[in-house]
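Okay, thanks for coming, everyone.

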Amino acid sequence: MVATDDVPVIQLGVEDAAAGLVLSTEAHWNQTEEDWRVFLHQGIVFGIRNGSQLVATAALLPYSGENAWISMVLVTASQRRRGFATRLVDACLEAARKRGLTSWLDATPDGAAVYGPLGFTPTLQLRRLRLEKSGQALAPAPSAAPRDALCERDRRAAGFDRTALLSAFAQRPGSRIISTKGAIALIRDGRTARHIGPLFANDAADALALVDAIARSENGPILLDAVASQDAFLAGLTTAGWTIERPFQRMRFGPATAAGEEVPFAVAGPEFG
Ligand SMILES: CC(C)(COP(=O)(O)OP(=O)(O)OC[C@H]1O[C@@H](n2cnc3c(N)ncnc32)[C@H](O)[C@@H]1OP(=O)(O)O)[C@@H](O)C(=O)NCCC(=O)NCCS
């Protein structure tokens, strides 16, 4: 690793949303500029510039109950292995420490190589799945559900409240909260694909039925991030034509906080938890 302590870590502002999007797009991630605005408005985003170009980022998004999510750890390809990610994640951890927050993140395999040495410990495993769809939707959208119902189910699963985040998602023009039987999910726009999550259900059959209803009402590619321990759900998705793109490892830095009362079938996304 080349010493880079002379390159300052700065805190980014909402005017950096477009530059952040350039970095996440370079990594072929699905975030939109609106997602960047969530981090820049509700969280603390650190960055490193090379001249005027933003070349590296990491975000800390505080939630309730002394929890925070670290994400958007991105370094442009030409600037990697110079310690930038390590310094930016350190800045997030220091900001979390000052606020007494336990930090969580969902790591790509590359990211896990950075976070392990910093003291993060693995918790649950996720799988990113994709359904390729093109052409006409086959069915109308399933019935809309109230935002409060989703927030309450999310709070039970996470063990803490994320109403601010889910409300921001729900207000976007392309977002819908839908439910069938005992299952409920949010679907929102992404840069290249629509994204389902979080998704809660009483059992795998109900979760699969809701995903199927959503898929039939969509006309483009869809992503979701399934909890890997939901074996029957994963098996049902792959049978239905979904393909596993990559694993994510959830990791925690700091003491365990309140445990959730149910395991979601799909999370809000690796960048949001
Ligand atoms: C993962 C990523 C953020 C790392 O950024 P970086 O600035 O190169 O990381 P650092 O220089 O701080 O690396 C610190 C250590 O992590 C490990 N590491 C980093 N990248 C690695 C890789 N691709 N493979 C194996 N180990 C790696 C090394 O031990 C490295 O120390 P070393 O260079 O002295 O060997 C960058 O590769 C990236 O943007 N990847 C695409 C997006 C992504 O996956 N982000 C992580 C999301 S969770």
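So, 27 residues of domain 1 touch 22 residues of domain 2, where a contact is two C-beta atoms, placed from the backbone, within 7 Å. Quick caveat: this is a predicted model, where local features need pLDDT of at least 70, side-chain atom pairs count only at pLDDT 80 or more, and totals for chains, interfaces and linings use all residues. Numbering runs from 1 along each chain as its sequence is written.

What gives the most to the domain 1 side? That's β5, with six residues. By class, that side has 11 nonpolar, 14 polar and two charged residues; Ala, Val, Leu, Ile, Met, Phe, Trp, Tyr, Cys and Pro count as nonpolar, Asp, Glu, Lys and Arg as charged, and the others, Gly among them, as polar.

As for the bounds, the domain assignment, automatic or from a database, gives 10-123 for domain 1 and 127-253 for domain 2. Their C-alpha centres are 24 Å apart.

Now the inside. The largest nonpolar core has 82 residues, and those touching the most other members include Leu88, Val89 and Cys92. A core here means buried Ala, Val, Leu, Ile, Met, Phe, Trp, Tyr and Cys joined through C-beta atoms within 7 Å, with buried meaning 20 or more other C-beta atoms within 10 Å of a residue's own. Helix α3, residues 84-99, gives the most, eight residues; helices are DSSP runs of H or I, at least four residues, and strands are E, at least two. Each domain supplies at least three core residues.

Last one: leaving out residues up to four places away in sequence, Val89 touches Ala58, Ile70, Val73, Val114, Tyr115 and Leu118.

Technical notes:
A residue is buried if 20 or more other C-beta atoms lie within 10 Å of its own, exposed if 12 or fewer, and partly exposed in between; C-beta atoms are placed from the backbone.
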